[in-house]
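Reader: Could you walk me through this model, pockets and sheet included? I'll ask as we go.

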Amino acid sequence: MTPRLLAAALVGWFYNEHLGRWPSRRLRLAYLRHWFAHCDAEAGVQTGCRFLHGRNISLGPRSVINHGCLLDGRVHPIRIGADVSIGPEAALLTLGHDPRSPTFADRGGPMTIGDHVWIGYRAIVLPGLNIGNGAVVGAGSVVTRDVPSFAIVAGNPAQVIGTRPETLHYQLSYRPFLL
């Protein structure tokens, strides 16, 4: 293992095992602003979130990652837009394995989440997908393909069940005490 890889592993371990549970939102955000590819000063990350290779994660203005989420940026980037709400214990994955591969080969890709997206509690977004602006992913859903802008999807696999208005003007400002 190179010194650079060791340092990156230690940075991630320290956040995931210690600092990520610390009740100071400002301290966590200051650390993430140095570790992530980009982390807006107005973003919010609650306690208990785990990040795999933060250097590949970008978090936009006023976006909120609720407690217990997993963001996997090990190989491919995750880009999260503005005013995105990611519900508790959601998982955003960019890397997996090809189930048909006789060598258990890796399979994955980058993920882009547009502005004003709402991802529900315990939703799972699989590798290489894009979620369009204003889309909603229902709680417990498993997203296996791209989600169009302003679509509401739910289920396993997630299917379009409705649409959202295309005139979204809200800005998130969720900053709970001690989370």
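Reader: Which residues lie nearest the centre of the largest pocket?
Author: Ala8, Ala9, Val11, Trp35 and His53 do, among the 17 residues that line the largest pocket. A pocket here is an open set of points on a 1 Å grid over the protein atoms alone, where a 1.4 Å probe fits, with protein on both sides within 12 Å along at least five of seven lines, and lining residues have an atom within 4 Å of a point. Before going on, note that this is a predicted model, in which local features need pLDDT of at least 70 and side-chain atom pairs count only at pLDDT 80 or more, while totals for chains, interfaces and linings use all residues. Residues are numbered from 1 along each chain as its sequence is written, and side-chain values use heavy atoms, with hydrogens and water left out.

Reader: Which element gives the most to that lining, the lining of the largest pocket?
Author: α1 does, with eight residues; α1 (3-17), α2 (25-35) and β3 (50-52) each supply at least two. Helices (H or I, at least four residues) and strands (E, at least two) are DSSP runs, numbered from the N terminus.

Reader: And how much space lies in the largest pocket?
Author: About 350 Å³, taken as the space filled by probe spheres set on the points, with grid points joined across faces, edges and corners.

Reader: OK, changing topic: what is the order of the strands in the open sheet?
Author: The five strands run β1-β4-β7-β12-β15, and the pairing is parallel; two strands pair if DSSP finds at least two bridges between them. β1 (38-39) and β15 (130-131) stand at the edges with a single partner strand each, so one side of each is left without a neighbour in the sheet.

Reader: How many bridges join β1 to β4?
Author: Two bridges join β1 to β4 (residues 57-59), and His38 stands opposite Ser58 in β4.

Reader: Now the largest nonpolar core: which residues have the most contacts inside it?
Author: Phe51, Leu92 and Ile119, in a core of 37 residues. Such a core is a set of buried (under 20% relative accessible area, 1.4 Å probe, protein chains only) Ala, Val, Leu, Ile, Met, Phe, Trp, Tyr and Cys residues joined through side-chain atoms within 4.5 Å. α2 gives the most to this core, with three residues.

Reader: What is Phe51 in contact with?
Author: Leaving aside neighbours within four places in sequence, Phe51 is in contact (heavy atoms within 4.5 Å) with Tyr15, Asn16, Leu32, Trp35, Phe36, Val45, Ile57, Ile65 and Leu71.

Terms used:
Buried means under 20% relative accessible area, exposed over 50%, partly exposed in between (1.4 Å probe, protein chains only).
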